[in-house]
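The stops below go from one selection to the next.

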Amino acid sequence: MENNNNKLLSVEDLSTHFFTEAGVAKAVQQVSFSIEKGKTFALVGESGCGKSVTALSIMRLVPYPPGKIVNGKIMFRGRALLDLDEKQMRRIRGNRIAMIFQEPMTSLNPVFTVGNQIVEAIKLHQKKSTSDAWKDAVEMLRKVGIADPQQRVREYPHQMSGGMRQRVMIAMAVSCRPTLLIADEPTTALDVTTQAQILDLLDQFQEQIGMSILLITHDLGVVAERADKVAVMYASRIAEVSDSEKLFEEPLHPYTKGLLKSLPQLGFTGSRLQTVSGNVPNPLDFPTGCKFHPRCPIGFDDKRCQAREPQLREVQKGRLVACWYAQGYETQKEYKEYESKYGEHKRTSA
Amino acid sequence: MTKEQLKKVPKGRSLWKDGMRRLVKRRLAMICFGIIILYFLLAGFIYIAEAFNLKVGPVNWAEEVGTQYEPPSSKTIFGTDIFGQSVLRKTLYGAKISLTVALSASFISILIGVPLGAIAGYYRGVVDEIIVWIYSTLSSIPYILLIMAFAIVLRDKTLFGYKITGISTVYLSIGLTSWVGLCRLIRGEVIKHKEREYVLAARSYGCTNKRIIFRHLIPNVVHLVIIDFSLRFVAFIHAEVILSFLGLGEGTRPSWGAMINDARIELSRGVWWQMAAATVAIFFISLTLNIFGDALRDCLDPKLRVE
Amino acid sequence: MANTNGHLLKVDNLKTYFPIRKGLLRRTVGHVKAVDDISFAIRKGQSLGLVGESGCGKTTAARSIIRLVPVTSGNVVFDGIDVLSAEKEQLYAVRRDISIIFQDPFGSLNPRMTIGNIIGEPIKIHKKTKGQELTEQVAELLTKVGLSPDHINRYPHEFSGGQRQRIGVARALALRPKLVICDEPVSALDVSIQSQILNLLKELQEEFSLTYLFIAHDLAVVEFFCDIVAVMYLGKIVEQANSQQLYRNPLHPYTKALMSAIPQIDTTLRGKRTAFGGEVPSAINPPSGCPFHPRCPLAQSKCSRQMPTLEQVSGSDGHLIACWFCEKKIFSD
């Protein structure tokens, strides 16, 4: 695929489970993807699919108990993140890898001024005097587009609007010029007009600093406009990985297909929307075989889909899909194997 | 859907059932619960025995029956008191007093605190301000002074035709002064829940205020009453001790507080076993109630459920 | 009986201001002008959409109509009844004929009641039905919204978000209302479930001849669902038109900017982004005159002095706009 030198982050076979009183929730299973330098990679999926937990796993912020990374390898600039001790990890967090969250009200500490919080982030990772750090903080606020930064830097989070608080979060995250920014639903809680501004801001920083962005979202529109590459997650696994453009032109996984068809789009003239039947499964009680099969027009009555979990395979250049029936997927060997186990199978129409 | 069909429909898993299930899995909490039940059984047994006139204790505890101040030995496990009465017997008997006081006082607190809290929280405005003023004033007075004042005033008065004596004084005074914490708690929760969408929905299809309070709000705060009850119980047991210590408690029959009160003088004579016995008894019921109360809170509070 | 001109719901000059009280004596120092003089009307069987960003007042407007919040002034006439000055009896009747579906599938159902009780309570209160008959009606409602009647004794937390929203829909239908207010019914749901619920609402509209007041911030959803759309900004309606018209031919600068800010999947629909600075101002101190003027590319001095009135664009069929200077040309096709 890509030149290895270009890979900033590489996640291999990551599995994170939650051990609760009600059972084991396998939030992330065998997730693998890689992010190139300077590019935006989107992790898309609905609630419970594991995208946020994946991000937390990369940052090693998964609460333990009850969560635990049970398997996998995460390579960041040549270092294996899962092998580092907590002290080394702390030097990376906020410094080389930064994260911004969905709810700026709860991610900012309400009893400290925003200036204090940015200064704290700066001083943790850079050897600067307090006065220099404050100067940097004011400069950061200006860079994120907050008018009157000298005044604003002394304000508290509750005195600011949602969009402004998110800008402050971005200022904190970007203050140490990280190589990777993880943005977990950064605009979901914001209005559409503010959303566009915030995403523009992230693009701007990406260009200036050359940082990569791992964008986690459920909004396919945002993905279409801002991401270079996309991984679609469903029920703890990756269903499809592809270049952003190609994904929307020609989705390969039935889940992606169903999702795109069911979105109301401006200009739609029908009287009914297409739907994806059924519900998102509960992580404590995943279906056997392919997690999507109960809702899949192909897989709901297919023995193979019900019994065996398909792995991610490359079906076109740069496109991976985890589906038994994505085009060009079956190999002769597999087909013969299946036949011997389950007998002849009929392919239902999509 | 016919009645027969309805009977076959499986019952859902209420939040209570969920909470109980999780509670039962906690071994330490269950052991504590067992110990608490033992205490209650003991108290219950004494009540029944007295009702049937079985001789569990001497009629007059102040009667000299044996050697004074015998230290603990193989004969008397906890020794004897000034009258030669078995300290062990007194300790066991004291459970009845303490538990009766704590239970009755809890009852009174709940009876006053919950409705006042719910009304204050729901109606807000003037009603709220009055109730808040009442309990703020009440809670500003030092607790002990307040209880003492009530105890002294209530002694030998009659309430609804019943004469207030001894034990009733104790639990009435504790109950009438201790409802503030619960009231505040309930008021806060009701204010929070009042703005929830399910209450808005109920108003939108024409629910009366009374129905909203009783059918919607109170069921959502009952778990707090239970958690508060288990934790406050300990405080009430201690309050009884304090009252007895101050000489305002139950006079004729032994209670842990009275035993500790006696110990004031006894300790100077080297007689430590009465105090030890009472302290041990109080310690274990307090510890187990605290542990169990914490476990209850973890299991019953919907917010703390790990999804 | 008020003359409503064939409209099931007619709202005129509705204002809902929330007082801000400060100080020891709780004096009123100002008002949050959540809804600032809006008027609209819905005919029987229609769906009217109220669209806008957070803080524009759409939710408050919906709640004002059924008096869930105290209204400051204005007129609301529903089915001939003057709602705002109705007495207890009449208000009771209104509460039976208008129902509301809420946004949050987790907060809108009482966690301590079975869904059978949740759905059945409105019926119990108004029709005094109980026992077997009530159970049958509830079971029927459950089937109508796509849930199994076997679940009648289950509790809300045993269901997924989409299923809970269906329960909310069943409850809203329990009394066979004439008007259903949908307050962001799909905003909190997963994308793959949204279309299911929207389709369900449409089917129910046909089956029960329902009229909808649909509130949302997602323009695409509103375009699909509604016949008429009104765009709100800071408590006022700035543009109103039938759905097709609005999306093909938006006139108000705010509507245009709103549409261009939506991230589009279809590259052919991505227009040039209208530069859109600043943020929505607070409703406590709204800008003078037209509330949008500080951010408007077409703003002139008149805009800061005088609030434009909502007027019909000449040559259009019900396309209303409140703007002094935008181009009012209708494309007919």
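Select A:Leu214 and leave aside its neighbours within four places in sequence: A:Leu214 is then in contact with A:Ile35, A:Phe41, A:Leu43, A:Ala55, A:Leu180 and A:Ile182. Contact here means that the C-beta atoms of two residues, placed from the backbone, lie within 7 Å. This is a predicted model, in which local features need pLDDT of at least 70 and side-chain atom pairs count only at pLDDT 80 or more, while totals for chains, interfaces and linings use all residues. Residues are numbered from 1 along each chain as its sequence is written, and chains are lettered from A and ligands numbered from 1 in the order in which they are written.

Together with A:Leu214, they touch the most other members of the largest nonpolar core, which has 204 residues. Such a core is a set of buried Ala, Val, Leu, Ile, Met, Phe, Trp, Tyr and Cys residues joined through C-beta atoms within 7 Å. A buried residue has 20 or more other C-beta atoms within 10 Å of its own, with C-beta atoms placed from the backbone. Now colour helix α7 (residues 162-174) of chain A, which gives the most to this core, eight residues. Helices are DSSP runs of H or I with at least four residues, strands are runs of E with at least two, and both are numbered from the N terminus. Why does this core lie between domain 1 and domain 2 of chain A? Domain 1 (35-51 + 85-230) and domain 2 (237-264 + 274-342) both give residues to the core, so it lies between them. The domain bounds come from an automatic or database domain assignment.

Move to the side of chain A that touches chain C. Here 34 residues of chain A are in contact with 34 residues of chain C. The chain A elements giving two or more residues to this side are α8 (192-209), α9 (220-226) and α11 (254-262). The largest share, five residues, comes from α9(A).

Now select strand β1 (residues 7-22) and strand β4 (residues 73-78) of chain C, which pair in the antiparallel sense over five bridges. Strands count as paired if DSSP finds at least two bridges between them. C:Lys10 has C:Val77 in β4(C) as its bridge partner. C:Ile81 in β5(C) stands opposite C:Phe78. β4(C) and β5(C) form a hairpin with two residues between them, and C:Asp79 in the turn has a positive phi of about 55°.

Finish on chain B, whose secondary structure comes to 13 helices and two strands. Of its 307 residues, 38% are buried.

Technical notes:
A residue is buried if 20 or more other C-beta atoms lie within 10 Å of its own, exposed if 12 or fewer, and partly exposed in between; C-beta atoms are placed from the backbone.
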